[in-house]
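Me: I am new to this structure and would like to learn how to read it. Could you take me through it one feature after another?

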Amino acid sequence: MMKQRIYITSSLLLTLLPVIALAAPTVASIQQQWSVCQYATLSAQKKNCLKALSQQVHTQVAQQQNKNADWLIWSGIVDSTLAGEEGGLTGLGLVKQARQALEASLKLDPQALSGSAWTSLGVLYYQVPGWPIGFGDKDKAREYLNKALALNPDGIDSNYFYGDFLLNTGNNTEARRYLEKALKAPARPGRELADSGRRKEIEHDLAQLEQ
């Protein structure tokens, strides 16, 4: 039996957000909410979902005076995801903001969240356009993604994004190796929705390699 994907409608989202806001958010709750925005929210509502989440994260970062690496990492992740929905100059401003947060987290703890800041920075550097539009840089992307793999060699995200980077730069043989390893990565307790969504992205990349 095929599993039905569950989406959050506009009315349900507006109902849930005030309830979510009542409880002090934790990094774990932000991870879960990001997964809902990214993988279980209708496309038309994804931007609003991410905007609300970005406000929560920025509030926490400000309250902790930019001294918590985990929160800074999630600030970067949420803002970079929102940038993809916004596009244009607004999106470019968000990815620059995300880069600043991720770089700040590295100064505090380069190993936080199993090296997630390195992964996220690497993704920015290969997905953002290069000069004069943006700051994209394939060499920096490779450097940061390799640092992420050194810290988390078996992780789903570290392997997927390096594989995706290799696919985007035409190294199909190596891309397949990392993508297949990502598909076999251990499950992350409490992040079932994120893992499921990521595996679909991995399968999409592997399908591209078959074309």
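This is a predicted model: local features need pLDDT of at least 70, side-chain atom pairs count only at pLDDT 80 or more; totals for chains, interfaces and linings use all residues.

Me: Which residues of α7 are buried?

Reply: Buried means under 20% relative accessible area, exposed means over 50%, and partly exposed is in between (1.4 Å probe, protein chains only). In α7 the buried residues are Ala141, Tyr144, Leu145, Ala148 and Leu149. They cover an arc of only 145° around the axis, which puts them on the same side of α7. That arc is taken from the directions from the helix axis to the C-beta atoms. The general idea is that an α-helix has 3.6 residues a turn, so residues three or four places apart point the same way.

Me: Which exposed residues does the face turned away from the buried side of α7 carry?

Reply: That face carries Asp139 and Ala150.

Me: And what covers the buried residues of α7?

Reply: Here you look for contacts, meaning heavy atoms within 4.5 Å. The cover includes α6 (116-127), α8 (156-168) and α9 (172-183).

Me: What does a side-chain oxygen of Asp137 reach at the start of α7?

Reply: This is a polar contact: a pair of N or O atoms within 3.5 Å, where, within protein, one must be able to donate a hydrogen and the other to accept it, and residues adjacent in sequence count only if both atoms are side-chain atoms. The oxygen of Asp137 comes to within 3.0 Å of the backbone nitrogen of Asp139.

Me: Stepping back, how many helices and strands does the protein chain have?

Reply: The count is 10 helices and 0 strands. Of the 211 residues in the chain, 45% count as buried. Among contacts between residues at least 6 apart in sequence, 60% join residues at least 24 apart.

Me: Which residues touch the most other members of the largest nonpolar core?

Reply: In soluble globular proteins, nonpolar side chains tend to be buried together. A nonpolar core is a set of buried Ala, Val, Leu, Ile, Met, Phe, Trp, Tyr and Cys residues joined through side-chain atoms within 4.5 Å. The largest one here has 56 residues, and Trp34 and Leu124 touch the most other members. Helix α4 (residues 69-86) gives the largest share of this core, 9 residues. Leaving aside residues up to four places away in sequence, Leu124 touches Ser80, Val95, Ala98, Arg99, Leu102 and Phe135.

Me: Is Leu53 buried or exposed?

Reply: Leu53 sits in helix α3 (residues 43-63) and is buried, with a relative accessible area of 1%. Not counting residues up to four places away in sequence, Leu53 touches Ile30, Gln33, Trp34, Cys37 and Val78. Gln33 is 20 residues from Leu53 along the chain, yet their C-alpha atoms are separated by 7.4 Å.

Me: What should I look at in the loops? Where is Thr41 found?

Reply: Thr41 is in the loop between α2 (27-39) and α3, and counts as buried at 3% relative accessibility. A polar atom of the side chain of Thr41 lies 2.7 Å from the backbone oxygen of Val36.

Me: Which peptide bond is cis, with omega near 10°?

Reply: That is the bond from Trp131 to Pro132. Pro132 belongs to the loop between α6 and α7.

Me: What is phi of Gln65 near?

Reply: Phi of Gln65 is near 55°, a positive value in a residue other than glycine. Gln65 lies in the loop between α3 and α4 and is exposed, with a relative accessible area of 60%. For Asn66, phi is near 55°, and this residue is partly exposed at 45%.

Terms used
Residues are numbered from 1 along each chain as its sequence is written. Side-chain values use heavy atoms; hydrogens and water are left out. Helices (H or I, at least four residues) and strands (E, at least two) are DSSP runs, numbered from the N terminus.
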